[in-house]
Amino acid sequence: MSFEEEPLRRIPGAYTRKRNVLVNGWLVARRELRERVRSRLFHVSTILLAILAVVVSLTPVLIKVVDRGTTSMIAVASDDPALATTTTNILGFYLNPAKAEVPPYRFVSTTPQEDLEKAVNDGAYAGALRVQRGPTGQLSFQFLIGESIGSERIQQMQIGTFAVGIFDWINRTGGAGGYSNPLFESASVAAGGGAVEPVGASEYAGRRIVGVVFVVLIFITLVIYGMWVAAGVVAEKSSRVMELLISAASPAELVLGKVAGIGLAGLVQYVAILLPALVTLLLQDRIATILLGSSSGLDLGLGVLSPGLLVAYGAFWVLGFILYALIYAAAGSLVSRAEDLQVLALPLSIIAIGGYIQAVMALSGGISSFIRISSYVPFWSPFVMLTRLTIGHVEPWELVLTFGLLIASIPIVGFIAVRVYSAGVLLYGQRPGARQIVGAIVRPPV
């Protein structure tokens, strides 16, 4: 490996040094990793984030606990008014316990002309049931699911429609003709104007819960680890440590070493956070049995946790961290006090918050054109495209395009971050203005 002697420029009293990006960068990374992992804050934050991840993973159980005291209004529509009335009466009789203080369901008949998708999406009904009779007399049911309908109530509705089918068969044939089980299809009503899409109740619930866990974890950790990078730069800049660092390493070595070191520390913490969350997801049934006496309705279909999804999740986290850490490192170099960094915290988080909000919108099933396009944007794709993967709305070429743009954006952002870092840190003792920052991007101080 070749070395070249190169004096630092524009830094009074700088020393001559041998330049080696890998060696110097690793020294910086090792220092950052050691300091982070040994700190008390690292241990406390790991425990708190692990607890938060477990709580988020327990969302289905908590929802079921709250859901026990609510009444779901279900609209029933059919071209045959008599069939709609009969269905309403039978479902109310079988699905509402006689001694229940708060009946779980309230069924109302409506006309087929009503826009049931819009009514459910707007919250007028918790769900809607369409009933149709085929040429052979067989009944078919389509259950439109609103946001408040869980997998347990979907299963109860399916059992209730089976009872409707039996009574209808007896009334038509007197029990003498051939019997066919009624057809039942559940369909989630997408928020935000999305289309109605048939989906299995178990898979539907499982994908949404896993998506929530993944999005919350990736958002919180990217923001926290990004602030670690910025805080580290500020701490060094406000002390005399920076005077030693800037005479021993280049801006690229400092930035890349800091990102790598804190990234490794974050990866250690991330594993400690993610494992309890995954274990909690896999033990949902047992936890529900302990708290509720039954695990009915918590078949979440966690087959969505496939190796491919977990690999994609890891890749999005690593690439997303590198991208955001570079931005936070550059931003941290522009201030000299921890108090000033707090002022930058919100503007820096806004980019990630934008991706997080769109991911939450995608989780509801409403994949609009804007959300589809934003899932390709490098700053948002770790949130939005990951969510789309979880709920299953991604073509292979979209995934290739997303990762390609994300990987290609990292060197560009890294180049700019190093130049901004040069203006903010290497112009030591000065407050860099916009003119100096732009000048540093065009022509670095070293």
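**Aromatic pairs, cores and salt bridges**

Tyr225 is buried, and so is Trp228, where buried means under 20% relative accessible area, exposed over 50% and partly exposed in between (1.4 Å probe, protein chains only). This is a predicted model, in which local features need pLDDT of at least 70 and side-chain atom pairs count only at pLDDT 80 or more, while totals for chains, interfaces and linings use all residues. Residues are numbered from 1 along each chain as its sequence is written, and side-chain values use heavy atoms, with hydrogens and water left out.

Rings of Phe, Tyr and Trp (its six-membered ring) pair if their centres lie within 6.5 Å, and planes under 30 degrees apart count as stacked, over 60 as edge-to-face and the rest as tilted; by this rule there are 16 aromatic pairs. The ring centres of Tyr225 and Trp228 are 5.0 Å apart with the planes at 55°, so this pair is tilted. Trp317 and Phe321 instead make a stacked pair, 5.8 Å from centre to centre and with 10° between the planes. Trp317 and Phe321 are four residues apart in helix 11 (residues 307-332) and therefore separated by about one helical turn, helices being DSSP runs (H or I, at least four residues) numbered from the N terminus. Together with Phe42, these two pairs, Tyr225 with Trp228 and Trp317 with Phe321, form one aromatic cluster.

The largest nonpolar core has 70 residues, and those with the most contacts inside it are Leu217, Ile218, Tyr313 and Phe383; such a core is a set of buried Ala, Val, Leu, Ile, Met, Phe, Trp, Tyr and Cys residues joined through side-chain atoms within 4.5 Å. Helix 7 gives the most to this core, with 18 residues. Leaving aside neighbours within four places in sequence, Tyr313 is in contact (heavy atoms within 4.5 Å) with residues including Phe214, Tyr270 and Leu386. A second, separate core of 21 residues includes Tyr105, Ala126, Phe143 and Ile154.

With a salt bridge taken as a side-chain nitrogen of Lys or Arg within 4 Å of a carboxyl oxygen of Asp or Glu, the count comes to five. Glu398, which is buried with a relative accessible area of 2%, meets Arg372 in a salt bridge at 3.6 Å, N to O, and also Arg388 at 3.1 Å. Glu398 lies in helix 15 and Arg388 in helix 14, so this pair ties together parts that are ten residues apart in sequence. Elsewhere, salt bridges that share partners join Arg133, Asp168 and Arg172 into one network.

Definitions and conventions: Helix = DSSP H or I, 4+ residues; strand = E, 2+ residues; numbered from the N terminus.
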